[in-house]
Structures are given as structure tokens and as C-alpha cells.
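Please look over the structure below before reading on. The dialogue that comes after it takes up a handful of its features.

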Amino acid sequence: QVQLVESGGGFMQAGGSLRLSCAASGGTFSNYVMGWFRQAPGKEREFVGINSRSGGSTYYADSVKGRFTISRDNAKNTVYLQMNSLKPEDTAVYYCAAKIGAMAYYTGQYHYWGQGTQVTVSS
């Protein structure tokens with residue numbers, strides 16, 4: 001079993017930056033594709049970005065491209081989401097998720113989920 005724990009959320013004014021971390025335990029971290037998703041109140045959970053097993057490939061939703069960056073440190077079993085130029089519409093609970101094998105963009109394709117961390121951006 002894989003356990004995921006997100007951290008780093010909080011309050012930030014528009015234009016500011018936050019870095020989220022997702023620490024994994026169990027399994028072999030380098031075998032997992034890691035995805036980031038977010039869910040605002042009353043909204044469906046949506047794709048934010050994906051990082052490949054080696055960290056060599058990343059893909060982002062159009063809404064965050066150029067502002068958010070995913071990286072991973074396999075030695076620390078941790079994946080990061082660096083969020084710059086934050087906007088009020090980025091306010092949501094952010095989740096990391098893991099799956100074995102090919103890259104995927106939908107929540108139902110991921111095997112393991114963290115509990116989420118709240119990000120609130122004020123104007």
C-alpha cells in the first residue's frame with residue numbers, strides 16, 4: 001500500500017507563491033506516476049499536472065501552465081508543486097495522487113490519494 005501526505009497549503013494574496021509537498025511511503029516511489037489535482041467548493045475535482053516516474057516529463061492544465069511547476073525527488077520519496085503568480089481562482093483543496101504505469105489525466109485512473117491541503121488566495 002502507498003500512503004500520501006500533502007503539506008504546505010495556507011493563505012496567500014494574489015500574486016504570491018506557495019510550494020506544496022507530497023510525501024509518499026510504501027511501495028517503490030520511482031515506480032509511480034504522480035499527479036496533482038484540486039477541488040474547489042461545489043466544483044468537480046480537476047487535473048492540475050502530472051510528473052513521470054523519473055521526473056523527466058511533466059504536463060499541466062492550461063489554467064496553470066507557466067505558473068505552476070511539478071518536480072520530484074525520488075531519494076526523498078517526495079513530489080512538489082511550486083505555485084507562482086497565484087490567483088483567487090486557484091483557491092481549492094489540493095491533492096496528490098499516485099498510479100503505476102502510463103501517464104493519466106483522470107481521477108478514476110489513480111490508485112492512491114492523499115487527504116489534501118487547503119490553498120486560499122485572496123484578491
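What follows is a set of questions and answers on a predicted model.

Student: How many disulfides does a search of the whole structure find?
Tutor: A disulfide needs two cysteine sulfur atoms within 2.5 Å. Cys22 and Cys96 meet that cut-off, with their sulfur atoms 1.9 Å apart. Over the whole structure, the number of disulfides found is one.

Student: How many residues apart in sequence are the parts that Cys22 and Cys96 tie together?
Tutor: Cys22 and Cys96 form a disulfide. Cys22 belongs to strand 3 (residues 18-25) and Cys96 to strand 9, so the parts tied together are separated in sequence by 74 residues.

Student: Are Cys22 and Cys96 buried or exposed, and what is the handedness of their link?
Tutor: Buried means under 20% relative accessible area, and both Cys22 and Cys96 are buried. The angle about the S-S bond is 55°, and the link of Cys22 and Cys96 is right-handed.

Student: How many salt bridges does the structure hold?
Tutor: Side chains of opposite charge can pair when their charged atoms come close. The number of salt bridges in the structure is four.

Student: Why does Arg38 count as buried, and why does Glu46 count as partly exposed?
Tutor: The limit for buried is under 20% relative accessible area, and partly exposed runs from there up to the exposed range over 50%. Arg38 counts as buried because its relative accessibility is 6%. Glu46 counts as partly exposed because its relative accessibility is 36%.

Student: Which residue meets Arg38 in a salt bridge of 3.0 Å?
Tutor: This pair links distant parts of the chain, 52 residues apart. Arg38 is in strand 4, while the partner is in the loop between strand 8 and strand 9. The residue that meets Arg38 at 3.0 Å, N to O, is Asp90.

Student: Which residues do salt bridges with shared partners join into one network?
Tutor: Asp90 also meets Arg67 in a salt bridge, at 2.8 Å from N to O. Asp90 lies in the loop between strand 8 and strand 9 and Arg67 in the loop between strand 6 (58-60) and strand 7, so this pair ties together parts 23 residues apart in sequence. The network joined through shared partners is Arg38, Glu46, Arg67 and Asp90.

Student: What kind of aromatic pair do Phe37 and Phe47 form?
Tutor: The structure holds seven aromatic pairs. For Phe37 and Phe47, the ring centres are 6.1 Å apart and the planes are at 70°. Planes over 60 degrees apart count as edge-to-face, so the pair of Phe37 and Phe47 is edge-to-face.

Student: What angle lies between the planes of Phe37 and Trp113?
Tutor: Phe37 and Trp113 are 5.1 Å apart, centre to centre. They form an aromatic pair that is tilted, and the angle between the planes is 50°.

Student: Which residues do ring pairs link into a cluster?
Tutor: Phe37 pairs with Phe47 and also with Trp113. The cluster linked by ring pairs is made up of Phe37, Phe47, Tyr95, Tyr105, Tyr110 and Trp113.

Student: Which residue lies over the face of Tyr95?
Tutor: Tyr95 is one of the residues in the cluster of ring pairs. At 3.8 Å from the ring centre, the residue over the face of Tyr95 is Arg45.

Student: What is the phi of Asn77?
Tutor: Asn77 is placed in the loop between strand 7 (68-73) and strand 8 (78-83). Its phi is positive although Asn77 is a residue other than glycine. The value is near 55°.

Student: What is the relative accessible area of Ser85?
Tutor: Ser85, in the loop between strand 8 and strand 9, has a positive phi of about 50°. Ser85 is partly exposed, and its relative accessible area is 39%.

Key:
Residues numbered from 1 in each chain as written. Predicted model: local features only at pLDDT ≥ 70, side-chain atom pairs only at ≥ 80, totals over all residues. Heavy atoms only, no water. Helix = DSSP H or I, 4+ residues; strand = E, 2+ residues; numbered from the N terminus. Buried < 20%, exposed > 50% of the residue type's maximum accessible area, 1.4 Å probe, protein only. Phe/Tyr/Trp six-rings, centres within 6.5 Å; stacked < 30°, edge-to-face > 60°. Lys NZ or Arg CZ within 6 Å of the ring centre and 35° of its normal. Salt bridge = Lys/Arg side-chain N within 4 Å of Asp/Glu carboxyl O.
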